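Please look through the sequence and the structure shown below before reading on.

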Amino acid sequence: MIAEKLNEIYQLLYDSFGPQHWWPGKTRFEIITGAILTQNTNWKNVEKAIKNLQHADCLTPQKIKNLPPEKLAELIRPAGYYKVKAKRLRNFIQWLFENYDGQLEILESVATDRLREELLTVKGIGRETADSILLYALQREVFVIDTYTARIAIRHHLTEPRADYEQLRDLFQSSLPSDVKLFNEYHALLVQTGKNFCKPKPLCDKCPLKSLPHTINPQCY
DNA sequence: GACCAGGCACATC
DNA sequence: GATGTGCATGGT
C-alpha cells in the first residue's frame with residue numbers, strides 16, 4: 001500500500017540524510033518572507049536577500065510596510081525576480097494589515113482551511129507558498145508539494161504521472177499520520193533528495209531510494 | 001555559455 | 001483545462 005511505501009521512503013531518506021532542521025528562519029515572518037522569496041529560486045540567493053533585510057532592520061510586517069517599494073526591491077535583489085517579489089511581499093503585508101491588523105499572532109486563531117483559502121487570494125501566493133507558510137510558519141498539518149516532491153512521487157509510481165498539486169497533497173496527507181513534525185521533516189527530506197539526485201536528469205546511482213522496487217517511472221519529466 | 005533553482009500570474013488556444 | 005511565457009539573480 002501507499003502508506004507502507006511512504007514509510008519506507010521516509011526511513012531510507014531519514015537514515016541517509018538525518019534531520020533537516022527546516023525551516024531555517026528564526027521568526028514566523030522571516031519564514032513567510034523566505035517562502036515568497038524562494039519561489040523558483042535557489043535558497044542561497046534567498047539567504048542573501050533575507051540578510052539584506054535584517055541588516056536594514058526591516059524584517060517585520062510594519063517595517064516592510066513603511067519601506068518605499070523601490071527600496072524593498074533593491075534589498076531583495078539577490079533573490080531574483082526582485083520586482084515581482086517585492087510586489088508579492090507587499091501584497092501579503094497589505095492582506096495582513098487589512099484583515100489582521102498586521103499581526104501574525106491573530107492568524108493562530110483562524111482555521112487551517114479558511115486560512116489557506118485566504119492566503120490563496122493574495123496575488124503572488126500560490127499553493128506551494130501558501131502551504132509552506134501554513135506548515136513551516138504556522139505549524140499546521142499541511143503537506144507541501146514542490147517540484148521535487150512531485151518528481152519523486154511520480155518516478156516511484158506513487159501516483160499517476162499527470163497528478164496535479166491537490167492530488168499529490170491528498171496522497172501524502174491521507175496516507176501519513178497527520179503530524180506537523182513529520183510533514184515538516186518529510187518534505188525537507190524530499191527536497192534534499194531532489195536537489196542531489198532527482199534533477200530533470202536523474203542521478204539514481206547514489207540515491208538512497210535506488211534500492212526500492214519499481215523505481216523510475218519512464219513517464220516522469 | 002548552458003542549465004538550473006524549495007513558483008506564480010497571465011495570455012492564449 | 002492544458003500549454004506557453006515573462007520574471008532575474010547567482011552557482012555549477
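Two residues are in contact if their C-beta atoms, placed from the backbone, lie within 7 Å of each other. By that rule, and leaving aside residues up to four places away in sequence, I32 touches F92, I133 and A137. This is a predicted model, in which local features need pLDDT of at least 70 and side-chain atom pairs count only at pLDDT 80 or more, while totals for chains, interfaces and linings use all residues. Residues are numbered from 1 along each chain as its sequence is written, and chains are lettered from A and ligands numbered from 1 in the order in which they are written.

**The surface near the DNA**

- DNA strand C is surrounded by residues that include N40, N42, K44, R77, Y82 and K83, where "near" requires the C-beta atom, placed from the backbone, to lie within 6 Å of the strand.
- Helix 3 (43–55) and helix 6 (82–100) are the elements that give two or more residues to this surface, and helix 6 gives the most, with 3 residues; helices here are DSSP runs (H or I, at least four residues), numbered from the N terminus.
- The residues of this surface divide into 4 nonpolar, 5 polar and 3 charged, with Ala, Val, Leu, Ile, Met, Phe, Trp, Tyr, Cys and Pro counted as nonpolar, Asp, Glu, Lys and Arg as charged, and the others, Gly among them, as polar.

**Helix 3**

- In helix 3, V46, A49, I50 and L53 are buried, a word that requires 20 or more other C-beta atoms within 10 Å of a residue's own, whereas 12 or fewer make it exposed and counts in between make it partly exposed.
- Seen down the axis of helix 3, its buried residues fall within an arc of 100°, so they line one face of the helix; the arc is that of the directions from the helix axis to the C-beta atoms.
- The face turned away from the buried side of helix 3 carries the exposed residues K44 and H55, while helix 2 (28–37) and helix 5 (69–75) are among what covers the buried residues.

**The nonpolar core**

- The largest nonpolar core has 48 residues, of which I32, A49, L72, I76, L89, F92 and I133 touch the most other members; such a core is a set of buried Ala, Val, Leu, Ile, Met, Phe, Trp, Tyr and Cys residues joined through C-beta atoms within 7 Å.
- Helix 2, helix 3 and helix 6 are among the helices that each supply at least two residues of this core.
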